[in-house]
Amino acid sequence: SSVHDSYFRCYAINGTHGVLLSENTAYNAIGHCYFLEDGVEENNTISYNQAALVHALGPYQNPSLGLNGDSWWSQYLSWYTNIATLILPSDMAAGCFYFTNTYNDVVGNAASGGWAGYALPALAVPVKLHYGQNTMSPRNRPFRTPFRGNSAHSTGFWWNTAGGIYVGGELQQLADGTLSYTSGRSATHDTCSNKLIGLPGQTAGCWDLGQQMYLQFTDNKVFLSNRGMQHWGERSEIVRFELHDVGLSMNVFGKVWIDSMLMECRQGNHNPTWFAGCAGAPVDGRAPGWGSCNVRDYQFFTGMGGFQWYDVGQLHIVTNSTFRNCMNSWKRCVYGTGSLCNNVAAFTSLTHSDQFVPEIMQVTSGLIFENVSAVWQFSTATSGPQGVTVSGRLQNWFDDDGSAARIGGRGMIGSAWANEWWKYNDACTPDKRAW
């Protein structure tokens, strides 16, 4: 079937299990399009559907709230409640596909547009008609089978941290029935085999290693998005993820294994134009004047990052992955030194803080670099206003097979700011490079 020019929703599943929703199309709709509503919906199959031109309701952000509110750069966004003209506050961040419970089969779908292509908010308990039916915590449920074969493009545009696949945001129902939602970083998906974990009166987190599970993503593709995936969860496995023309492949929290990823920072045959809100084109490597247009209108042109090592509390393994066309000679860049773009690297590290500092938390093997000019870049420089930071001194990376440093053998990559950390014995010698 097909739905087009819908003023509200496309296909909704409410309190129902075992539904097959397959081979449908939807175009030009307001609010979440393919929609699992209350958080109890499980064992459904959503397969081979298409959604395009999905519009959000209400304001995307409120810049007047500053960096601690709805800022383009903040991880945290404000909470909003339902009103007469916004009966579900999460429609402010409408997704082509919106799943309040992940214990379903999601296979072979295509998303174009929306605040996110696929939105997976965190619900501690079911809401609306099923509020109070606390038989499981929706946010801690795994996929029934891996989230696989799905694609998203032309999305993740309205916020720096939005993604084609967005595992984040939180929806709550208050005691008086009011619905409250934030689209920013909030409660996490703590995927667990014990359905009661996270419910009121139960253990808050899935701390039993024997019960911990991973959200599994396989054979998915994202292009033209600020981030391919943003995942505020505790555990995930991401296999054969293909990305093109995104600002960052992904930002994923917790214990994460990424295997056989293809990250193409910029395709040679893609030459986007400025959005109508910006005057002029970046022909000389200069950004538009501050305030001349919204930052989201030129975010694509500010640089690109293959993968980001976070600053604290993560365990990341990246294996057998290819980084392609991540070149600081990209001619469309608006922030550059001379003819070179400043913000380009296959890997970037958050090194801005003296408080949030890394442990030993990242390892790679089997990496391939094709047409890549910079492998690793810090978020601060010694010449910058923040100077050398504690997190910059401690940043490190175990290169299990030498494929990251291209040294032909196992090694440790670390900051040259940290003096002779590398000198395990007198036979060790440094290999200092500007990467």
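I count two cysteines as a disulfide when their sulfur atoms lie within 2.5 Å. The model is predicted.

**Entry 1: disulfides**

I looked up Cys-192 and Cys-206 and found them joined as a disulfide, with 2.2 Å between the sulfur atoms. Both cysteines sit in the loop between β17 and β18 (215-218), 14 residues apart. I read 65 degrees about the S-S bond, and the link is right-handed. Cys-192 and Cys-206 are both buried.

Next I took Cys-265 and Cys-326, a disulfide with its sulfur atoms 2.0 Å apart. This pair links distant parts of the chain, 61 residues apart: Cys-265 is in the loop between β23 (262-264) and β24 (304-309), and Cys-326 is in strand β26 (residues 322-326). The torsion about their S-S bond is about 75 degrees, so I noted the disulfide as right-handed. Cys-265 counts as buried because its relative accessibility is 0%. Cys-326 also has 0% relative accessibility and counts as buried.

I then found Cys-333 joined to Cys-341, S to S 2.1 Å. The torsion here is about 60 degrees, so this disulfide is right-handed. Both Cys-333 and Cys-341 are buried. The count for the model comes to four disulfides.

**Entry 2: Cys-96**

Cys-96 has 0% relative accessibility, so I listed Cys-96 as buried.

**Entry 3: a three-stranded sheet**

I traced an open, antiparallel sheet of three strands in the order β8-β17-β16. β8 (80-81) and β16 (170-173) are the edge strands, each pairing on one side only. β8 pairs with β17 (residues 179-182) over two bridges, and Thr-81 stands opposite Ser-180. β16 and β17 are joined by four bridges, with Leu-171 opposite Tyr-181. I also noted that β16 and β17 form a hairpin with five residues between them, and that Gly-177 in the turn has a positive phi of about 95 degrees.

**Entry 4: surface patch and whole chain**

On the surface I found a nonpolar patch of Tyr-7, Phe-8 and Ile-87, with about 380 Å² of accessible area together. Phe-8 lies in the loop between β1 (2-6) and β2 (11-13). Its relative accessible area is 36%, so I recorded Phe-8 as partly exposed.

Of the 435 residues, 54% are buried. The accessible surface comes to about 18200 Å², 53% of it belonging to carbon and sulfur atoms.

Notes. Residues numbered from 1 in each chain as written. Predicted model: local features only at pLDDT ≥ 70, side-chain atom pairs only at ≥ 80, totals over all residues. Heavy atoms only, no water. Patch = residues over 30% accessible without salt bridge, like charges linked within 9 Å, V, L, I, M, F, W, Y side chains within 5 Å. Areas by Shrake-Rupley, 256 points an atom, 1.4 Å probe, with all protein chains shown as cover. Salt bridge = Lys/Arg side-chain N within 4 Å of Asp/Glu carboxyl O. Buried < 20%, exposed > 50% of the residue type's maximum accessible area, 1.4 Å probe, protein only. Pairing = 2+ DSSP bridges.
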